[in-house]
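Please keep the sequence and the model open while reading.

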Amino acid sequence: MVALSSSSRPPFWYNWLLAMLKPFYQIKIKKRFGHLDDVDDEIAQRFGEFSTVKHQHTLWFHVVSVGETNAAQPLIEHYLRQGQTVLISNTTRTGQAQAKKLFAEKYADLVQMVYLPIDQVSVMQKFLQHFQPKILLLMETELWPNLIYLCRQQNIPQILLNARLSAKSAKGYGKFKRLTYPMLQQLNFIAAQDAATQQRYIELGMPEENIAVLGNVKFDITAPNHFLQQAEKLREQWQLQNRKIIILASTHQAEEQEIVRALKQYLEQDAQALCIVVPRHPERFNDVYQQLIDLSLVVHRRSLQQTIQTDTQIYLADSMGELWLWYALSDVAYVGGSLNATGGGHNILEPIALNIATVVGEKYFNFQTIVDAFVENKGIIVVNDAEQAADHLWQLLQHSSQAIQQKQRANQILQANQGAVDKHIAVIDKYMSFYR
């Protein structure tokens with residue numbers, strides 16, 4: 001066991017704050033998901049009553065939500081194909097649903113999905129004793145002080161993979177140096193997406209010798225083949241061959257309503273036009289449906305097993321884990337979370353990997369480096385408001401030469417940035433070798 005100084009432990013105020021917030025966290029979960037059958041199991045996992053262990057001494061991937069789960073897919077699948085056992089923890093229900101969709105059936109004997117428990121010392125100690133992972137692989141951004149401290153105590157290597165850190169987030173971490181500096185000192189390695197992220201972590205306290213730029217694994221993206229096959233079947237069954245399809249993907253509060261309102265004139269003038277709306281958060285599905293109905297458009301819903309009809313103007317894809325399917329049916333895409341009040345954006349590489357001309361809002365700071373690379377080479381369109389989004393989506397849908405040129409430039413950028421997955425695997429294997 002590694003001897004750590006008392007200064008390496010998370011400060012008292014952090015643990016006191018967790019204790020104070022714990023009951024409110026429980027109430028929040030019950031309020032949001034109390035109507036679901038599995039909510040008691042979720043609460044148990046998050047607060048210290050864990051699922052029966054399938055395997056100990058596994059690779060442990062912590063992937064927060066859908067984006068991190070999709071990014072980690074090629075890494076996780078690489079080790080599952082080798083016969084390695086894998087523990088996957090998520091913070092969100094959507095992330096766990098995606099993990100199960102990707103791995104549960106195909107690798108049922110090798111993989112286990114759980115929720116990450118609250119970062120209290122007693123709960124995390126119990127979790128580590130229960131599952132006894134041999135390595136912790138964190139994806140992108142989520143760092144928990146007690147988790148990292150306890151893993152270091154128990155000689156469990158911990159690597160932050162595909163790390164990204166915006167200037168805004170770095171400023172936030174910088175306000176809590178007593179918490180951040182020891183935490184970074186205890187990480188074994190950070191695989192940064194870009195030089196800006198690398199420098200920000202170094203300034204926060206990460207030793208230079210323990211961080212390197214390995215690129216972004218999201219560029220090594222490929223669409224799951226079963227979704228492509230399913231899309232082809234639906235295209236034929238629902239007679240979509242001649243439809244002009246726009247997708248509004250991973251949208252947040254107000255984005256769907258505002259963009260669809262701006263698109264309404266186009267949808268009404270062209271009977272072949274169709275807009276697929278995929279809200280980011282399932283708890284908003286009913287509200288979004290009502291908002292779309294209020295716009296006096298013909299709306300059908302995936303959750304009701306309704307199909308796209310000849311008169312369908314809006315198809316609400318209120319389902320989980322099917323975003324690839326809706327992208328595969330679409331001609332042009334808007335990637336949401338980038339015009340709403342809080343902003344941040346979502347992964348633009350999914351539609352681009354499917355050769356779809358893509359539009360994004362100006363608030364894309366969570367994917368700053370990725371989007372900037374495409375903006376610089378005119379491989380994507382950035383808009384300032386819903387009206388601009390609607391206009392550009394419609395222009396791309398109508399002017400095939402413009403869309404073709406944009407897609408060609410985007411594809412060149414995508415290919416030029418691939419190769420990060422192999423670099424990440426090499427780092428993981430290096431630390432895995434300590435336990436072979």
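## Helix H4 and its surroundings

In helix H4, the residues Arg-93, Thr-94, Gly-95, Gln-96, Gln-98, Ala-99, Leu-102 and Phe-103 are buried, where buried means under 20% relative accessible area, exposed over 50%, and partly exposed in between, with a 1.4 Å probe and protein chains only. The buried residues of H4 pack against helix H1 (12-33), helix H2 (39-46), H3, strand E2 (86-90) and strand E3 (111-115); contact here means heavy atoms within 4.5 Å. Helices (H or I, at least four residues) and strands (E, at least two) are DSSP runs, numbered from the N terminus.

The model is predicted, and local features need pLDDT of at least 70, side-chain atom pairs count only at pLDDT 80 or more, and totals for chains, interfaces and linings use all residues. Residues are numbered from 1 along each chain as its sequence is written, and side-chain values use heavy atoms, with hydrogens and water left out.

## Strand E2 and its partners

Strand E2 is mostly covered, with 5 of its 5 residues buried: Val-86, Ile-88 and Asn-90 point one way from the strand, and Leu-87 and Ser-89 the other way. Strand E1 (residues 59-62) pairs with E2 in the parallel sense over 4 bridges, and Phe-61 stands opposite Ile-88 in E2; two strands pair if DSSP finds at least two bridges between them. The chain passes from E1 through H3 to E2 in a right-handed β-α-β crossover, right-handed meaning that, with the strands pointing away from the viewer, the path from the first strand over the helix to the second runs clockwise.

E2 is also joined to E3 by 5 bridges, and these two strands run parallel, with Ser-89 standing opposite Val-114 in E3. E2, H4 and E3 make a right-handed β-α-β unit.

## Strand E5 and Gln-158

Strand E5 (residues 158-163) is mostly covered, 6 of its 6 residues being buried. Strand E4 (residues 135-139) runs parallel to E5 and is joined to E5 by 4 bridges, while E4, helix H6 (residues 145-153) and E5 make a right-handed β-α-β unit. E5 also pairs in the parallel sense with strand E6 (residues 189-192) over 3 bridges, and Phe-189 in E6 is the bridge partner of Ile-159.

Gln-158 lies in strand E5 and is buried, with a relative accessible area of 0%. Not counting residues up to four places away in sequence, Gln-158 touches several residues, including Leu-136, Leu-147, Gln-186 and Phe-189.

## Nonpolar cores

A nonpolar core is a set of buried Ala, Val, Leu, Ile, Met, Phe, Trp, Tyr and Cys residues joined through side-chain atoms within 4.5 Å. The largest has 42 residues, of which Trp-60, Phe-127, Leu-143, Leu-184, Leu-187, Ile-190 and Tyr-201 touch the most other members. Apart from this core lies another, of 40 residues, among them Ile-245, Leu-329, Ile-356 and Val-371.

## Enclosed space

How many cavities of 30 Å³ or more are counted? The count comes to 2, a cavity being a set of points, on a 1 Å grid over the protein atoms alone, where a 1.4 Å probe fits but cannot get out, and lining residues having an atom within 4 Å of a point. The largest cavity has a volume of about 270 Å³. Of the 20 residues that line the largest cavity, Val-66, Met-320, Gly-321, Glu-322 and Leu-323 are the closest to its centre.

Definitions and conventions
1 Å grid on protein atoms, 1.4 Å probe; cavity = no way out; pocket = protein on both sides within 12 Å on 5 of 7 lines; lining within 4 Å. Points joined across faces, edges and corners; volume = space filled by probe spheres on them.
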